Amino acid sequence: MLELWDVSRVFENGNTAFREITFTAQKGEIIGVLGTSGCGKSSLLRVIAGLDQASTGRLVLNGSEGEEISKKVGVIFQEPRLMPWLSVIENVAFGLKGREAEKKEKASRFIKLVGLEGFENHYPRQLSGGMAQRVAIARSLVTRPEILLLDEPFSALDAFTKMQLQDLLLKVWEDCGSTMIMVTHDIDEALYLCDRLLVMRGQPGVLSCVVDITQLRPRTRGNAELARQKQQILDILDITGKAG
Ligand SMILES: Nc1ncnc2c1ncn2[C@@H]1O[C@H](COP(=O)(O)OP(=O)(O)OP(=O)(O)O)[C@@H](O)[C@H]1O
């Protein structure tokens, strides 16, 4: 459903973020993008989101190219980016079109899905970081994007909230069947959530390899097979993963 062919991104100042990336994502897949700092992960996601233009190469989403793509994607960032003057339900309904009652009904369904029933009329300042990120998830899914892009969505959260939201994301994925591409620094998170991992390295970044996560769902965090794949990824990234 998403195809990238030799896509590169060069900035106005001549910096190259990443070069010649080719991959395809199938409908319903969860793809992780992993790599050392500065290898172009966020820049790649911004190009897929249509927030930045590819400098070379071709990007196709379900037959659409260019500006058309940005209408078909939802994006979740590290911070929830909610509108502080709008309530939870107004934030979630903001991007919807149609009659007010219909918009509220759709928004309510997604608020329920992310476990925030009863908080519809709260304002962002009244929410914890994890709750605010749940609202961001509901807001990005309510418009039914063809693909959901996530840029380190849980990295600002404490360890327990992070695990809860990872499970929530899987629940939402089962319910909506969304295709997702997720940038993360957290190998354990990537192994727990994803079907395939794009491992990037270098500056400018290149796609070093694609790792299939073979473990069936539901997965147990840190099981032996996932630990083996973690070491495989650390080896690709040239990180020993051993003290001393
Ligand atoms: N607007 C910009 N103009 C020029 N260079 C940029 C710009 N944004 C990013 N870069 C450069 O592009 C490269 C890739 O940056 P990017 O933020 O995509 O990497 P990343 O892998 O997401 O990093 P991190 O993991 O640290 O968030 C870096 O060398 C960065 O300095």
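A residue counts as buried if 20 or more other C-beta atoms lie within 10 Å of its own, as exposed if 12 or fewer do, and as partly exposed in between. The model discussed here is predicted. With 19 other C-beta atoms within 10 Å, E152 is therefore partly exposed. D238 has 8 other C-beta atoms within 10 Å, so D238 is exposed. Across the protein chain, buried residues make up 35% of the 244 residues.

**Overall form**

The protein chain contains seven helices and nine strands. Its radius of gyration is 18 Å, close to the 18 Å that the globule rule gives for 244 residues, so the chain is as compact as a globular protein of that length. The C-alpha trace spans about 55 × 40 × 30 Å along its principal axes. Of the contacts between residues at least 6 apart in sequence, 67% join residues at least 24 apart.

**The sheet**

Strands of a sheet pair through backbone hydrogen bonds, in either a parallel or an antiparallel manner. In this chain, six strands form an open sheet with mixed pairing, in the order β5-β6-β7-β3-β8-β9. Four bridges join β5 to β6 (residues 147-151) in the parallel sense, and V73 has I147 as its bridge partner in β6. Helix α4 (residues 129-141) packs on the sheet and touches β5 and β6; its direction makes about 170° with that of β5.

**The ligand shell**

The ligand is surrounded by 13 residues, the closest being F11, S37, K41, S42 and S43. Helix α1 (residues 41-49) supplies the largest share of this shell, three residues. By class, the shell has three nonpolar, nine polar and one charged residues.

**Backbone features**

Two peptide bonds are cis, as the table sets out.

| Peptide bond | Form | Omega |
|---|---|---|
| Q203 to P204 | cis | near 0° |
| R217 to P218 | cis | near 0° |

P204 is placed in the loop between β8 (196-201) and β9, while P218 is found in the loop between β9 and α7 (224-236). E152, in the loop between β6 and α5 (159-176), has a positive phi of about 45° although it is not a glycine. D238, in the segment after α7, is likewise not a glycine and has a positive phi of about 65°.

Note on methods:
Residues numbered from 1 in each chain as written. Predicted model: local features only at pLDDT ≥ 70, side-chain atom pairs only at ≥ 80, totals over all residues. Near = placed C-beta within 6 Å. Helix = DSSP H or I, 4+ residues; strand = E, 2+ residues; numbered from the N terminus. Nonpolar A, V, L, I, M, F, W, Y, C, P; charged D, E, K, R; others polar. Pairing = 2+ DSSP bridges. Contact = placed C-beta atoms within 7 Å. Axes fitted to C-alpha atoms, helices over the stretch in contact; angles between N-to-C directions. Rg over C-alpha atoms; globule rule 2.2 N^0.38 Å.
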